[in-house]
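Good morning, colleagues. May I ask you to look at the structure on the screen while I take you through how its parts meet.

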Amino acid sequence: MKVIVPVKRVPDTAGEKVIDESTNTMDRDAGETVLCPVNEFAIEEAVKLKESTGAEVTVLLIGPEEAQSTIRKALSYGLDGAIQVTDEAITGSDAIGTARILAAALADVEFDLVIFGNQSTDARTSLVPAAVAELLDLPSLTYARFLEIDGDAITVHREHEEGWDVVESTLPAVVSVVEAINEPRYPNFKGIMAAKSKPLDVKSLADLGVEPDQVGMGDASATMYEFTSRPPKAAGTIVEDDGSGAAASDLADWMEEQKFI
Amino acid sequence: MSDILVLIDHSEGTPRKVSLQMLTAARRIAADTGDTVAAVWLGEDADDAEEVLGANGAQTLYWWDDEDADAYVTLPKVEALEALLDEHDVGAILFASSNHTKDVAARLAIRRDGGVITDVTDLAVEDGTIVATKEVFGGATITKSRVADGKLALFGVSANAFPVEATDGDAPDVVEFDVDLSEAAQAATVVSVEKQGSADRPDIGEAAIVVAGGRGLGNEDGFELMEELADVLGAGVGASRAATDAGWYPHRYQIGQTGRTISPLLYLGSGISGAIQHRAGMQTSQNIVAINKDAEAPIFQIADFGVVGDLYDVVPALVEELRDRAD
């Protein structure tokens with residue numbers, strides 16, 4: 001079985017995030033970048049399939065040369081190889097444009113299963129997995145909190161607000177996973193060392209047959225045109241409890257004033 | 001005149017609160033553009049909801065009365081909206097910015113050359129175009145976006161972004177329609193639906209008040225206290241990642257960068273220090289209350305009201321206090 005895990009390089013949530021005023025897009029070089037934490041659940045699930053079925057797992061990343069550290073990080077969990085799509089025309093692609101590039105890269109290789117994280121920690125739209133599935137004409141079994149493969153049958157528990165749906169389909173399929181699905185392991189020293197020598201296939205948009213005007217800023221289907229920083233919050237009221245719970249009465253007063261009770 | 005379609009999110013014949021909030025949003029747009037507010041109900045039992053949809057501003061109700069709407073994954077809803085796009089002039093589609101519905105929007109956008117803006121907190125009409133406000137980077141930045149000209153505009157509306165506003169509207173004109181599902185739409189089957197948690201307790205994405213517990217609870221029994229407080233307030237219960245990772249509460253209720261993003265009117269966190277990863281999921285709450293032993297916990301920097309103290313002293317006292325005041 002062949003599994004592809006698309007991963008993303010995102011700004012560290014703890015770091016500063018800056019919008020480039022000349023392009024109205026996120027300045028991706030402004031702060032520390034990391035492998036998106038949600039991708040770790042997708043990678044762990046792929047590693048489990050590797051252990052149980054001998055699956056071959058390939059990482060897929062869109063991004064500039066600097067993003068190769070993110071690819072090596074992903075590979076260090078014990079994956080087999082990577083595809084990187086890099087092209088200047090990609091800059092400023094929105095979720096739909098990103099999905100077009102990923103779908104073109106996936107159409108260019110063989111796979112049985114694509115495992116996404118259910119959202120990236122920066123844009124958090126959750127649109128990409130389903131859009132990729134649509135472009136490839138495949139089922140989108142997203143928000144998986146459980147996933148099981150039996151031959152070419154796949155069962156997924158799709159999490160929602162009230163619980164989950166049990167859904168079934170056949171491979172190939174596109175899934176996205178939520179963090180409830182597993183507990184990611186840390187890469188070990190062997191994996192970190194091996195990651196340096198895993199094959200990396202770098203492709204341009206032309207290699208994938210994607211026209212530059214189908215992606216990037218020029219073709220963004222939705223554009224952000226104005227942004228403001230949230231004004232700093234006024235300092236709140238802080239009370240200290242003396243161990244008797246008496247402060248609860250102050251809190252209840254405040255809640256009453258604010259009409260919450 | 002076009003339709004502003006509102007894809008009604010519903011459960012057991014009842015529209016969720018966010019659906020009524022979206023009708024408010026659609027009505028405000030329509031007041032500017034002269035469009036019609038049209039609710040879209042996919043699946044059975046719309047007849048139970050006609051009145052409430054009309055009372056909240058739906059002038060038309062497009063209804064696909066077929067259990068197939070929920071029998072397969074995502075695509076029946078996509079193809080139902082396509083059927084409406086084929087028959088009617090549509091100005092925009094509003095949908096609940098929740099997990100499964102975002103997939104409907106994403107697939108429809110690919111099929112029908114759409115642009116999608118998710119997690120919208122406000123909508124307005126400027127120079128004849130609908131503009132969407134959203135908050136990014138954990139609420140630190142507020143942006144305005146619009147869908148490119150000529151593309152189908154799809155807006156995912158956040159819960160609690162708009163009020164529920166009853167009008168004195170009549171029952172909507174009900175227009176039933178059929179959908180001829182493609183083979184692809186039937187490729188992934190919904191075998192069963194597992195419901196978890198209390199039916200009486202609101203979901204944290206939709207609740208006006210959310211009570212959240214973290215590492216400071218010390219054990220899973222602490223969540224019984226959180227639920228007790230929540231039930232006094234009619235609140236939902238959420239958790240920090242430390243608490244869900246420890247297995248004290250289901251992951252589904254995790255608030256933070258890898259979990260849910262919530263914007264309730266009131267967030268009340270106990271035993272949560274407020275690390276940036278947690279704040280990314282709750283910073284846009286309108287009011288924040290924190291109860292924590294550690295006076296230096298970062299959550300106090302964003303709290304409107306903070307109690308420095310042992311939550312096991314303060315929360316039981318608060319529950320008592322709230323019960324007394326309710327009597």
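I begin with a strand pairing that crosses from one chain to the other: β14 of chain A and strand β9 of chain B, residues 141-147, pair in the antiparallel sense over seven bridges. Within that pairing, Met224(A) stands opposite Ser145(B) in β9(B). Please bear in mind throughout that this is a predicted model.

Let me widen the view to the whole contact between the chains. Chain A brings 68 residues to the contact, and chain B brings 74 residues. Which elements of chain A each supply at least two residues of the side that touches chain B? There are helices, namely α3 (95-107), α4 (128-136) and α7 (247-257). There are also strands: β9 (140-150), β10 (153-160), β11 (163-170), β14 (222-229) and β15 (237-240) of chain A. Of these, β14(A) gives the most, with eight residues. As for composition, the side of chain A that touches chain B divides into 32 nonpolar, 20 polar and 16 charged residues.

I turn now to chain B itself. Chain B is divided into domain 1, residues 3-186, and domain 2, residues 209-326. Taken over C-alpha atoms, the centres of domain 1 and domain 2 of chain B are separated by 32 Å. How many residues are in contact between these two domains of chain B? Five residues of domain 1 of chain B are in contact with seven residues of domain 2 of chain B. On the domain 1 side of chain B, the residues that touch domain 2 divide into no nonpolar, four polar and one charged.

Is strand β10 of chain B, residues 152-157, mostly covered or mostly open? Strand β10 of chain B is mostly covered, with six of its six residues buried. Leu152(B), Leu154(B) and Gly156(B) point one way from β10(B), while Ala153(B), Phe155(B) and Val157(B) point the other way.

β10(B) has pairing partners in chain B. Strand β6 of chain B, residues 90-96, pairs with β10(B) in the parallel sense over four bridges, and here Phe95(B) stands opposite Gly156(B). Strand β7 of chain B, residues 114-126, also pairs with β10(B) in the parallel sense, over five bridges. In that pairing, Phe155(B) of β10(B) is the bridge partner of Ile117(B).

Thank you for your attention.

Terms used
Residues numbered from 1 in each chain as written. Chains lettered and ligands numbered in written order. Predicted model: local features only at pLDDT ≥ 70, side-chain atom pairs only at ≥ 80, totals over all residues. Domains from an automatic or database assignment. Nonpolar A, V, L, I, M, F, W, Y, C, P; charged D, E, K, R; others polar. Buried ≥ 20, exposed ≤ 12 C-beta atoms within 10 Å, placed from the backbone. Pairing = 2+ DSSP bridges.
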